[in-house]
Amino acid sequence: MSLWVDKFRPRTLDELHYHEGLSARLKSLAASGDFPHMLFYGPSGAGKKTRISCTLKQLFGNGVEKLKIDQRVFISPSKRKLEINIVQSNFHIEITPSEAGNYDRVVIQELLKEIAQTQQVDLNAKQRFKVVIINEADSLSRDAQAALRRTMEKYMSNMRIILCANSTSRLIAPIKSRCLLMRVAAPSPEEMQTVLEHVAKKLRFDLPPEASQQIVADSGGNMRKALLVFEALKMQSPDLSGSLKIAKPDWETYCHKVADLIVQEQTPARVMEVRSKFYELLSHCIPPTVILKTVAERVVERVDENLKADIMHWAAFYECRMRIGNKKIYHLEAWVVKVMSLYKVTKHFVYDFDMSEFE
Amino acid sequence: MAFFQGQAKTATKHMVDPALQPWVEKYRPKTIDDVSAQEHTVAVLRKTLTSTNLPHMLFYGPPGTGKTSTILALSRQLFGPDNFRNRVLELNASDERGISIVREKIKNFARQTPRAQMVASDGNTYPCPPYKIIILDEADSMTQDAQGALRRIMETYARITRFCLVCNYVTRIIEPLASRCSKFRFTPLDSTSSTLRLSQIASAENISVTPDVVSTLIDTSGGDLRRAITYLQSASRLSSSTNPPTPITSKDIQEIAGVVPTDVVNDFARALGVEVFGDMDTDGPVDGKKRGFETVQKKVKAIMREGYSASQTLSQLHDIIITHPTLPAKQKAKCALAFAEADKALCDGSDEELWILEVGLQVLRALSS
Ligand SMILES: Nc1ncnc2c1ncn2[C@@H]1O[C@H](COP(=O)(O)OP(=O)(O)OP(=O)(O)O)[C@@H](O)[C@H]1O
Ligand SMILES: [Mg+2]
């Protein structure tokens, strides 16, 4: 049995719930025959992938849903073998370049060349071109992006590229200038509630408004998360009434604990304690940026107004260093030490101030 | 064009219907006189057409200013359609460019002796000078080693080949290579030339655009004509797809270009304590006392939820602050520092939310000091 997120995923542009304007645009573009290269961007869980697959279906019909997964071998310039899984149908192919690590350029180049040079063989195909979907396009290396530039211009007659990314900042200007940009904003709370109600109706049960509000408030605009939480809650308490408790993911609770540790005590011993917790989180593959942001946001909730800006400043500072640097833990730790010392200095300041008033 | 060469055999039965061609390709200049702006370059190159003596060349400048188009057009004018294929070799970053491969390709290409045949199948006469042209597009993504090796190659085949290096950043081309070439700088297109070109395209495509739309196109594309043309085509696709067709508006262009709506940026700026003039809906200006960390954080989260790009948001905020009529210079300077830091961080791939927040807080601090 599949999860609700998958089971109730819209399959066609008409079934999509929110951003009707966007769906209408996609539909007209798919119908016009001169479909451009596209770049979908927006926060995670906003529905980019769903929209892309609906667009594909609009372009090619049911055939795109017949997927096969191939394992392909690429040879890097240094003669290393890379094995990469590729999802494809007769009409499109999907790649996630981060799987290729530093060799994304080789993979992209080979695949695109190959596709560009093969004509659509299926005579019944609705379009002459094949579509290449590049997921997480913002993690493409500069090199790989450079390799895309002219390819995108040259092979336009039998290939279209759809890039999918959270942000556009990391894409180079020549790539952006070759694509039609499609912003997919997170759905509004009302829109999310409609989706939840739709699911409830399909499954023939009642969703109390309080419950749906609570789920939506917890999700931060992430539709996927909302649906997952919804399903979990329904399993816990089938009638969804009374006060619901939405369990936070373990890693989040854990991050909050770390934040509390930092605020409670500022000593070398505490730094060591926090450090081991960071290791724990990292070893569970929680991305370091997520760790830093979650902890920092929790810390600023519990400190004085005058400290908040500084704490976030150093979070931004060390997050940037962490990107360039190699050892994530150093930078997480450096931030903790920085925050502790800031906190201590201000506390002393207040303390001294109070004393002088007493005298 | 290289595109048609590789495909020539297969593509004939599948010839691209011009109606479905992207306009950037459809309206790529066919001759060097079609190239907008870049007067100096065009003037010099026009002379080479009559003297048929060509130096090695280096074209550099920002994206979408006509570099690739110019060299392709020039080559076509020199050799005509029949000889283009055996006289011009185009290599770019998407081809394999390990130096051994480049050497091999160039060697093979240069070996075949040029055949002169002046009158082409289309009835025109072409100068057809006795050399071949090798275009190295996107040359700035070649490694230093490869560039070094290229020096020798250039010398070896100097008698029968001319090189044209094309790049965005001239500083990434090694000096010995650059000094062998005549340099041509391509500047971002000025608004007069862009306007002219865009109106030509619009009338050829039979769409009506208001001056307002054209000026939005030019503002949002920053002198990159390719971008302006792409935006125009997308906007016209969208506007003609509605029933009945609606005219193209500046707002469509802004949305396509990923511009953050003015009221969103203004609202954010106001939350940071910037006095924003000249917008109509001043409902609920942020109360001076309530301005603080939480307000800023909330605004940033809202911007992130909408999916606006951080660099775009910051560049618009930057413009509001730096061109602000009443802010003191010292405060502006402090803000400018924050913008600079953030730009660097974003280029390094840092988290967008953290850095919009950082800029917001720094501006807030600078303005309240
Ligand atoms: N000066 C110009 N005159 C006329 N059209 C232009 C000019 N510059 C750009 N264009 C238009 O933009 C498209 C792209 O231009 P071109 O490929 O020459 O850019 P480029 O300078 O090589 O950019 P990049 O650095 O991204 O490779 C052309 O097909 C043409 O439609
Ligand atoms: Mg170019």
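**The interface of the two chains**

Author: B:Arg226 forms a salt bridge with A:Glu153, and their closest N and O atoms are 3.1 Å apart. Please bear in mind that this is a predicted model.

Reader: How many salt bridges does the rule find across the interface of chain A and chain B?

Author: The rule finds 9 salt bridges between chain A and chain B. Polar contacts were counted as well, with 24 residue pairs joined in this way between the two chains, both residues at pLDDT 80 or more.

Reader: Which elements of chain A supply the side that touches chain B?

Author: At least two residues each come from α2 (20–32), α4 (104–117), α5 (142–154), β7 (180–183), α7, α12 (288–301) and α13 (305–324) of chain A. The largest share belongs to α13(A), which gives 13 residues.

Reader: And how do the residues on that side divide into nonpolar, polar and charged?

Author: The side of chain A that touches chain B has 26 nonpolar, 18 polar and 20 charged residues.

Reader: What is the area buried between chain A and chain B?

Author: About 5,500 Å² is buried between chain A and chain B, and carbon and sulfur atoms give 49% of that area. In chain A, the residues that lose the most area to chain B are A:Arg150, A:Lys154 and A:Arg183, together 13% of what that side buries. The contact takes 64 residues from chain A and 65 residues from chain B.

Reader: Let us turn to helix α9 of chain A. What does α9 reach from its first C-alpha to its last?

Author: Helix α9 of chain A, residues 223–236, has 14 residues and reaches 20 Å, close to the 20 Å expected at 1.5 Å a residue. Its buried residues include A:Met223, A:Leu227, A:Phe230 and A:Leu233. Among the elements that cover the buried residues of α9(A) are α1 (4–7), α7 (189–202) and α8 (209–219) of chain A.

Reader: Which residue caps the N-terminal end of α9(A)?

Author: That residue is A:Asn222, with a side-chain oxygen 3.1 Å from the backbone nitrogen of A:Arg224. A:Asn222 lies in the loop between α8 and α9 of chain A.

Reader: Is A:Asn222 buried or exposed, and why?

Author: A:Asn222 counts as buried because its relative accessibility is 15%, and the cut-off for buried is under 20%. Leaving aside neighbours within four places in sequence, A:Asn222 is in contact with A:Ser44, A:Gly45 and A:Met192.

Reader: Another loop residue, please. Where does A:Ser89 lie?

Author: A:Ser89 lies in the loop between β3 (81–88) and β4 (92–95) of chain A, and A:Ser89 is buried, with a relative accessible area of 3%. A polar atom of the side chain of A:Ser89 lies 3.0 Å from the backbone nitrogen of A:Phe91. The side chains of A:Ser89 and A:His92 are joined by a polar contact of 2.8 Å. Not counting residues up to four places away in sequence, A:Ser89 touches A:Gly63, A:Val64, A:Lys66 and A:Leu67.

Reader: Finally, how many helices and strands are there in chain B?

Author: Chain B has 16 helices and 5 strands. Of the 369 residues in chain B, 52% are buried.

Reader: Where does B:Ala37 lie in that chain?

Author: B:Ala37 lies in the loop between α2 (23–26) and α3 (39–51) of chain B and counts as buried at 11% relative accessibility. The C-alpha atoms of B:Ala37 and B:Thr192 are separated by 8.8 Å, although the two are 155 residues apart along the chain. Beyond four places in sequence, B:Ala37 is in contact with B:Val42, B:Leu189, B:Asp190 and B:Ser193.

Notes. Residues numbered from 1 in each chain as written. Chains lettered and ligands numbered in written order. Predicted model: local features only at pLDDT ≥ 70, side-chain atom pairs only at ≥ 80, totals over all residues. Heavy atoms only, no water. Helix = DSSP H or I, 4+ residues; strand = E, 2+ residues; numbered from the N terminus. Expected span 1.5 Å × (residues − 1). Buried < 20%, exposed > 50% of the residue type's maximum accessible area, 1.4 Å probe, protein only. Contact = heavy atoms within 4.5 Å. Polar contact = N/O pair within 3.5 Å; in protein donor to acceptor, adjacent residues only side chain to side chain. Buried area = accessible area lost by both parts, 1.4 Å probe. Salt bridge = Lys/Arg side-chain N within 4 Å of Asp/Glu carboxyl O. Nonpolar A, V, L, I, M, F, W, Y, C, P; charged D, E, K, R; others polar.
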